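Here is a short report on a structure and its ligands. Look at the sequence and the model first, then read on.

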Amino acid sequence: MSRPHLLTVAKLSPLFADQLGDAYEVHDRLHDIDPAAFAKVAPLIRGIAGSGESKVPRTLMDQLPALEVVSIMGVGYDGVDVSAALERRIPVTHTPGVLNDEVADLAMGLMLSIARRIPQADQYVRAGRWGKEGNMPLTRKVSGARLGIVGLGRIGQAIAKRAEAFSMSIAYTGRKAQPGVAYTYYPTAAALAGQVDFLVVITPGGPGTRHLINAEVLQALGAKGYLINVARGSVVDEAALIDALQRGVIAGAGLDVFEREPHPPQALWSMDKVVLTPHIASATLQTRQAMADLAAGNLNAHFSGKPLLSPVPECQ
Ligand code: NAP
Ligand code: 8YV
């Protein structure tokens with residue numbers, strides 16, 4: 001039997017791509033690279049493989065009459081038009097759970113980095129300033145501080161667990177209070193921001209959360225408050241954030257995600273009160289392997305007629 005044809009919509013991690021090579025006929029980003037060649041194979045494409053940042057719009061799916069499944073190597077799938085997929089009963093899968101620890105670890109790392117000025121301290125030593133200028137100025141304590149989590153889901157809860165070990169007080173916001181959760185619930189991000197020292201954002205992206213963190217929320221967080229974003233760039237109004245940082249409305253920010261990746265605004269590059277990482281929250285060998293195995297496992301399950309391992313909630 002011929003191998004199913006797949007279209008990749010991102011430069012896939014080799015950990016994922018290498019698992020597809022033997023079992024599938026893979027057309028690597030052909031729609032972007034060679035539209036004429038893509039037009040010829042489009043009727044054969046039965047699956048799409050992508051990453052959490054990938055775009056799978058209706059216009060692409062419309063060109064693929066034989067499409068049966070979309071597998072995303074990432075828990076976020078805000079780039080996929082799930083409604084369009086559902087109309088054609090095309091299941092969409094993602095990789096929830098296996099990256100919770102990793103993303104939570106980076107959130108804590110960004111919190112410690114921005115408050116304790118770890119990147120700046122490293123530079124201070126390397127530039128020989130310790131010997132010449134003496135000790136660095138004092139920084140901000142993280143243990144025991146007040147943490148606010150915007151989006152207490154799988155990853156948000158893993159962050160809370162770590163924060164408990166740091167003796168932090170924990171509060172959260174979401175669209176509703178969660179039954180059985182002891183942390184204090186605030187109905188809006190602004191109400192939460194007003195009560196915390198560190199505000200960590202870990203919701204999905206997409207239209208439902210676009211610019212959830214806006215000028216009003218940053219104002220509420222205040223001049224001693226820090227913002228950490230490990231969710232999606234779209235969740236924070238970046239122009240409002242830059243303005244708030246420039247005017248001292250908030251103390252600083254630790255950012256792993258940006259509105260236009262991989263091109264974060266230059267205004268942030270030279271700022272001393274930010275720590276910037278290039279969307280690396282899940283990027284360890286161990287976690288990316290687990291994500292790749294799950295993403296490939298979903299395709300393999302589909303094409304061997306078995307139940308999908310991790311369809312997105314809308315497809316369950
Ligand atoms: P999850 O378990 O679905 O949790 C998402 C949380 O967000 C839920 O608690 C949900 O609570 C809340 N939420 C959803 N819509 C909201 C809204 N409009 N306003 C406020 N809260 C809202 O997802 P997860 O597995 O923790 O992953 C969360 C997100 O993290 C992913 O979707 C992805 O975008 C991001 N992520 C980023 C990286 C990275 O590399 N930086 C890595 C992995 C994941 P309610 O339903 O109660 O509102
Ligand atoms: C990765 C992510 O950047 O899981 C997500 O939603 O944003 C990240 O884990 C990516 O999707 C890896 O393919």
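How far is an oxygen atom of ligand 1 from an N or O atom in the side chain of K176? The distance is 3.2 Å.

## About the model

This is a predicted model, where local features need pLDDT of at least 70, side-chain atom pairs count only at pLDDT 80 or more, and totals for chains, interfaces and linings use all residues. Residues are numbered from 1 along each chain as its sequence is written, chains are lettered from A and ligands numbered from 1 in the order in which they are written, and side-chain values use heavy atoms, without hydrogens and water.

## Ligand 1

Ligand 1 is surrounded by 27 residues (a heavy atom within 4 Å). The closest are R154, I155, R175, V230 and D256. The shell holds 12 nonpolar, 10 polar and 5 charged residues. Here Gly counts as polar.

G208 uses a backbone N or O atom, 3.3 Å from a nitrogen atom of the ligand. R232 places a polar side-chain atom 3.5 Å from an oxygen atom of ligand 1.

## Ligand 2

Around ligand 2 there are 13 residues. G52, M73, R232, H279 and S282 come nearest. The shell divides into 4 nonpolar, 6 polar and 3 charged residues.

Backbone atoms meet oxygen atoms of this ligand. For M73, a backbone N or O atom lies at 2.6 Å. For G52, a polar backbone atom lies at 2.8 Å. For G76, the distance is 2.8 Å. The protein buries 91% of the 330 Å² that ligand 2 exposes when taken alone.

How values were computed. Polar contact = N/O pair within 3.5 Å; in protein donor to acceptor, adjacent residues only side chain to side chain. Areas by Shrake-Rupley, 256 points an atom, 1.4 Å probe, with all protein chains shown as cover.
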